[in-house]
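Let's go through a structure together, question by question. Have the viewer open as you read.

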Amino acid sequence: MQNESAIDPKIIEEILKFSKNVIDAPKFVSAPDEISLEVTPHKVVQEIDKTRLLHYKPIIETKHKTPLLISYALINRYHILDIHPEKSWVRNLLEQGFEVYMLDWGTPTSMDKYLDFDDYVNGYLESSVEHIKNQSSTEQISLQGYCTGATIATAYTALHPENVKNYIATAPVIDGWKDTTVISNLAKHMDADKMVEIIGNMPPEFMYYCFSVLKPFEQGIEKYVKFFKNIDDKKYVDNFLRVEKWLGDTPPIPGELFKQWIKDIYQENLLIQNKMHVGDELIDLKKIDMPMFTQVAVGDHLVSPECSMPLHYAVGSEDKTLKIYPTGHVGMIASSLSQKKVLPEMGTWLAERS
Amino acid sequence: MQSKSAKDSVESSTNMTEYYKHLSLFWTDIIHLMSSKPQALTSIGPMRAFAANSKKISVELIEINENLLGFNQYITEYYKQLSEVWGVAQKKVNQKAPKIPQDVEQIEAVKRIWIDIFDNDFTELFDSKKFGENYGNLVSKELELTKHWNNITNVILQSVNLPSKEEVDEVYKEIHSLKKRVSKLELELKKEKRKNAK
């Protein structure tokens, strides 16, 4: 009898409200497929194979002479850097007066399984840099790499330092042995040769598995409960759907590139030891001698700070800055913190050197 | 230490697999040999190709069964690890939140405790060497199964005069190599043009 009277009527009310939100959701909310993730206007200025070089339309008059090229990660697509007008990394840089280019790696198919580090570093990235140099009549560009895109950008900067005026590494994947994340644990025990021999490219399903083991209950259950609870909050819902759509769009990674990645970075840790080869060339991090800015996030559960920070200490630059932010991997590039702190600090640093 | 009955069971299962492997190979070989002579006279080939293909497919199917044994072992261990962690995490939640929640605030608090404990315990498992090793072996066995399936598909593709995966791969490799050479030449040309324009 005591139990019956102890039930709070608010519990029933909450359950009914939640059920109503679930039923009403399709009336208020767009389907993820109906949302376009391309926010800031841009032109495609070069296409090679499946890659595209995007040039963003200036919002204000360009204040800085050196253009900035962003080398986005190979996991998911570049849209997270331009996910929402209020949280757009690209838009913020345009508002600070920078000329911004983005390298979209595209979606590789089975035919691209032989693409390797050399193709990405000395092919696609090098062609983009040359294109920008031609277009902007400058001899050097500023280069920013994010996550795995920073590993490619780091290799490029070490091989072609004459082309890079300033280098910004945002959550770079560098020291695989020091990486404390779940991803690195899985990568260390993977037979990459067998996967590439049998499947070809690294399939997106494998990346989805990797995402699913990152905070599985917060990300797999609570996140969706919150979404339905806040279904009438337009701003929250819009942001949620954009990020969800971005998370669900993971292209395969070309087999040879993936193999070299797993073996050279996570299993043998060659890059930080200056023993990694791209094509026939050895990557020597000491050759990175231009101004360098490294950004890491303490709560990064995809690339731990211990994996990224060694780059700051390994390069030959004398003008170098390391910034550590109280956020996560995505929070560093697409959040209110990134707009209020990460980007203004990076912009000030870059403006002084551009 | 494996018990005697478990050992016997493994041995008997291995013997059974070996027996069926032998039986299948015996008949496919005999059919192949028998068909090769008299049928060569009366047929122009398809039956012989059929027998040879059947043999290849039988061998793949037998090996798939062998791989399945290994795959089952690792997948059992995978779910065992998950369920053990689930049990321990649930006990921790019960200790921290022993009472049945009575209002909305209490439900929220219990939910938070549940999520935090489960996320922490599962992350600890996913970070562990034993999970990494078993998961690596599980994926490896899954890949071996896929390889057998690929091999069977290749036999079928070749029987209808279509290129096999290896033959298509050779073409991909050749295209990649050609594209790489052309890209390097184009890039060099671009650089030369810029130099000359100065």
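Predicted model: local features only at pLDDT ≥ 70, side-chain atom pairs only at ≥ 80, totals over all residues.

Residues are numbered from 1 along each chain as its sequence is written, chains are lettered from A and ligands numbered from 1 in the order written, and side-chain values use heavy atoms, with hydrogens and water left out.

Q: How many aromatic pairs does the structure hold over all chains?
A: Rings of Phe, Tyr and Trp (its six-membered ring) pair if their centres lie within 6.5 Å; planes under 30 degrees apart are stacked, over 60 edge-to-face, and the rest tilted. Over all chains, the count comes to 29.

Q: Phe206(A) and Tyr135(B) form an aromatic pair of what kind?
A: Their ring centres are 6.4 Å apart, with 25° between the planes. Phe206(A) sits in helix α8 (residues 204–212) of chain A and Tyr135(B) in helix α5 (residues 129–159) of chain B, so the pair joins two chains; helices here are DSSP runs (H or I, at least four residues) and strands are E runs of at least two, numbered from the N terminus. By its geometry the pair is stacked.

Q: Is Tyr79(B) buried or exposed?
A: Buried means under 20% relative accessible area, exposed over 50%, and partly exposed in between (1.4 Å probe, protein chains only). Tyr79(B) makes an edge-to-face pair with Tyr78(B), at 5.2 Å and 80°. Tyr78(B) is buried at 11%, whereas Tyr79(B), at 52%, is exposed.

Q: What is the volume of the largest cavity?
A: A cavity is a set of points on a 1 Å grid over the protein atoms alone where a 1.4 Å probe fits but cannot get out; lining residues have an atom within 4 Å of a point. Points are joined across faces, edges and corners, and the volume is the space filled by probe spheres set on them. The largest cavity is lined by 16 residues, with Trp105(A) and Pro251(A) among those nearest its centre, and has a volume of about 100 Å³.

Q: Which elements give two or more residues to the lining of the second largest cavity?
A: This cavity holds about 40 Å³ of space. Its lining includes Ile48(A), Arg52(A) and Tyr124(A). The elements are β1 (42–48), β2 (51–56) and α4 (117–136) of chain A.

Terms used. 1 Å grid on protein atoms, 1.4 Å probe; cavity = no way out; pocket = protein on both sides within 12 Å on 5 of 7 lines; lining within 4 Å.
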